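Please walk through this protein model with me. We will take a sheet, a surface patch and a set of salt bridges in turn.

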Amino acid sequence: MSAPAQVERRGEYRLRDSAAIVGSVLVSTQPLVATGLNDAAVDLLATLDDEAYRSPATVAAETTYGVDAVVDLFKRLHERGFLAWRPGRDPSFQPPVSVVVTVRDDREQLLACLDALAALDYPDYEVVVVDDGSTDGTREAAAGHTLAVQGRIRVVQVGSADDPLGIGASRNRGVEAATHDIVAFTDADCRPTAGWLADLVPCLAGHDLIGGRVRPAGDSTASAYEGVASSLDMGAYGSRVDPHGDTPYLPTANLVGRRAVFEAAPFPDRDVAEDVDVCWRALAAGFDAVYTPTGVVHHDYRRSHGDLAGRRSTYGASEALLASEYGRQGTRVRVPLDALLVVVLAVAGLLSPGVTGTVALGAAGLFGGAGLLARLATTLRQYRRLQSVVSVRDVVRSRGREAVSTVYALSREVTRYYSGPVLVVALLAWFVAPTVGLALGASLALAALLPLVVEYAVHRPGGSFVGYAGYYLADQAGYQYGVYRGAFGHRTLAHLDPTGRFRLSGPGAGRLTSARTGAVPSSNVGSERNRLQ
C-alpha cells in the first residue's frame, strides 16, 4: 500500500465545529459550503460528531461499508472543509526517544530549553546537544545541567569557532549520536511543553514523521506578531504534509520521526530550508509526514525589528534555492477575472485624460455592476435551493469573508514579492508623468496596508496597532529583500513568476452547491477555503 493510502487509513476524522448535518444535507458555515448526501453518506456521517475523532476502520466496523469507501468519502469531505482530520495515534506506543538540539553560541537560550526538556512528562528519553564550535561556555553549561546529573544528556562537539559545521550537518551528527530509533528535534530557543513527546510519539505507531505546533513564547509585541504571521506555525488543524498544500513541510523546531527516515533522507549540508528538503525527500522516498496542532513547542522570538527582518530575509532567499532544486510549487492566489478587468479599467480611467478616461471609468462601472448583479443572481438561485439549511445571514457573511479573503491574499502576495519593483517604477514615473507615479504609489500603499489592517482586525493580537505594524513592515521588507537576494544568488526567477503565484478564475468560483455526495462516487462540491477563518 502506498504511503498516501496508509496515511488515509491511519488518520482520524470528526465534524468540524462549523459543520452540521441537516436532514440529508451537510452544511459548513465557514466557509459556506453545502452538499446533498445520499443514504450511504448519511449513514457514515451519523457515526461522527464535532468532538471525538474516529478512524475509518472503526466506522467501517460499525457499518456495512468497506474501509476504502469510508476513506474515500471522509477524505473528500475533509478537503472541502466539512471534516477535521488528525493523524492516527496509539497511546500505548511510547518507545524511548533521543531529543537532538543543535546550538552555537547561545548559552542562555539553551539552558532554558534544557530546563523545559527536563520537565517532560515522558517515561524514557535522552537529550543529545550538538555544539557547533561555541565559545561562550555553551558546551560546559550543557554538561553541568540537571539532565547530566540524571544521566539523560550527552554533548557532542562538532565544528570549531573558525570553521563551524553548519545546521544541516550538525543535525545529521545528532542522528548518528542518538541511541534510540525515535529521534526528536527542537532548537535552543524553543521551550517544549511537558506533554510534547507524549502527544507526538504515539502518532509514530502509524506514521513516519510527525510535527507539532510551534507557538510564540511570552507576550511581547514581537510574540503577538509571530502568533499571527510565523511561518513555523502550521495552524490549528491536523493535516498531511504536501509540498503543494497548506502544510508544505514540518519545521525542525518541532519534528519527531523514525531514525530510518533521517538516515534515508539526511539533512542537506546547509543552514537554510534543510527541514523543507528533508520532508520533501522523505515523501519522495515513500515515507509519510503528518502534522498535528498538539505537542506544542514555544519559540522564543528575538524582539528587535532587525532580527525579524534578517530571519525573514533568510526565509525569502530559501524560495530561490528550493525553486532551483524543485521548481515552482503550484499556484497560490485565485484572482477573479471580472474583478481584475474592472480594476484595470478603473486605473486606466484615472490615469487617462479627457474622453478616454471617462470611457474607461464608465466601462469599469458597467462591468463592475454587471458582475455584481450576476453574482447576486447566482447566489440567490443557490440560496433558494438551500434556504432550508442556510440563512440569509450565513450567505451574506460568507460572501463578505470570501471577498475580503481574496483581496487580502492578492494584496499580501503583491506586497511580499513585487512591491519593490513597483515602487521603483512609481518613482521613475513620477518624473515623467506625476499622475501615473502618484497612482502607482497610492495603489502600492493600499495593497501594503490592507493585509495589515485585516490581520490585526481578524486576529486581535495583543499590543498596539502601531507596534504590530512595525513588525509587519519589517517582515515584508526583509522577506522581499531575501527573495531578490536569493534570485541573484541562485540565478533563478522561477519563484517570482506571476503565472505561478496567481490563477485567473471566472465568476463562478466559490459557489454553493447542492450536488449529492455518496460513499464512493465523487462530486464537485465546495469552495476555496477561507484562509482568514
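In β16, the bridge partner of Cys190 is His299. This is a predicted model, in which local features need pLDDT of at least 70, side-chain atom pairs count only at pLDDT 80 or more, and totals for chains, interfaces and linings use all residues. Residues are numbered from 1 along each chain as its sequence is written, and side-chain values use heavy atoms, with hydrogens and water left out.

Strand β16 covers residues 297–299 and runs antiparallel to β10, joined to it by 3 bridges. Strands here are DSSP runs of E with at least two residues, helices are runs of H or I with at least four, and both are numbered from the N terminus. Two strands pair if DSSP finds at least two bridges between them. The open sheet has 3 strands in the order β10-β16-β12, and its pairing is mixed. Its edge strands are β10 (190–192) and β12 (214–216), each pairing on one side only.

Now the surface. Trp430, Phe431, Val432 and Leu438 make a nonpolar patch of about 530 Å². Such a patch takes residues with over 30% relative accessible area and no salt bridge; nonpolar side chains (Val, Leu, Ile, Met, Phe, Trp, Tyr) are joined within 5 Å, like charges within 9 Å. Areas come from the Shrake-Rupley method with a 1.4 Å probe, and for residues only the protein chains shown count as cover. Helix α16 (residues 392–432) gives the most to the patch, with 3 residues. Phe431 sits in helix α16. Phe431 counts as exposed because its relative accessibility is 70%. The classes are buried (under 20%), exposed (over 50%) and partly exposed in between, with a 1.4 Å probe and protein chains only.

Next, the charges. A salt bridge needs a side-chain nitrogen of Lys or Arg within 4 Å of a carboxyl oxygen of Asp or Glu. The count comes to 27 salt bridges. One of them joins Glu126 and Arg154 at 3.2 Å, N to O. Glu126 is in strand β7 (residues 125–132) and Arg154 in strand β8 (residues 153–158), 28 residues apart. Glu126 is buried at 10%, while Arg154 is partly exposed at 32%.

Asp131 meets Arg139, with the closest N and O atoms 3.4 Å apart. Asp131 is buried at 0%; Arg139 is partly exposed at 31%.

Arg213 and Asp233 form a salt bridge, their closest N and O atoms being 2.8 Å apart. Arg213 lies in the loop between β11 (209–211) and β12, and Asp233 in the loop between α10 (221–229) and β13 (239–240), so the pair ties together parts 20 residues apart in sequence. Asp233 is buried, at 14%.
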